[in-house]
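Hi,

Here is the structure I promised to send over. Have a look at it first, and then read on for what I found.

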Amino acid sequence: SSVTEHSCDHRLHQPSSKWLINPPYIKSPCNMDFQGQKLSELFFQYTIIIFAIIAFLCGYLFTSFRLMMMVYGAGVALAFVISVPDWPYFNQHPLVWLPVKHPKEGDDSKGSAADQSAKAKKKARRAA
């Protein structure tokens, strides 16, 4: 199997329903890039903080704990909808992987530089 730009090990995602893990509006379950993850986390934190402040003010002004919790719950639900799905907006900086380098046939320079220097030292000891 070839590795593409947006590859993901789909064996880790064994859903009971295809809709749960790969809805039709999302290309793949593993497309969110690192900057998208950071942006999603910021959206989540700011939404929660803003709704916590709004919920506290509503609860204080209307002296209703229930109203406060309902406003805060709406904020948590909105934060979930904004930050959890892999929206295309979070995929604007995809990772570009380097191509796989296969050793050429007949190339005996396998291993790291330390391995090569150790082999050279062994050859020098044998020659001496």
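What is the mean pLDDT of the protein, and what percentage of its residues reach 70 or more? The mean is 78, and 68% of the residues reach 70 or more; pLDDT is the predictor's confidence in each residue, from 0 to 100. This is a predicted model, in which local features need pLDDT of at least 70 and side-chain atom pairs count only at 80 or more, while totals for chains, interfaces and linings use all residues. Residues are numbered from 1 along each chain as its sequence is written, and side-chain values use heavy atoms, without hydrogens and water.

Helices here are DSSP runs (H or I, at least four residues), numbered from the N terminus.

Now to helix 3. Its buried residues (under 20% relative accessible area, 1.4 Å probe, protein chains only) are V71, G75, A79 and S83. Seen down the helix axis, these fall within an arc of 90° (taken from the directions from the axis to the C-beta atoms), so they line one face of helix 3. That face packs against helix 2 (34-61). On the other side, R66, M70 and F80 are exposed, meaning over 50%.

A79 and F44 are 35 residues apart in sequence, yet their C-alpha atoms are 5.1 Å apart.

Best wishes

Terms used:
Helix = DSSP H or I, 4+ residues; strand = E, 2+ residues; numbered from the N terminus. Contact = heavy atoms within 4.5 Å.
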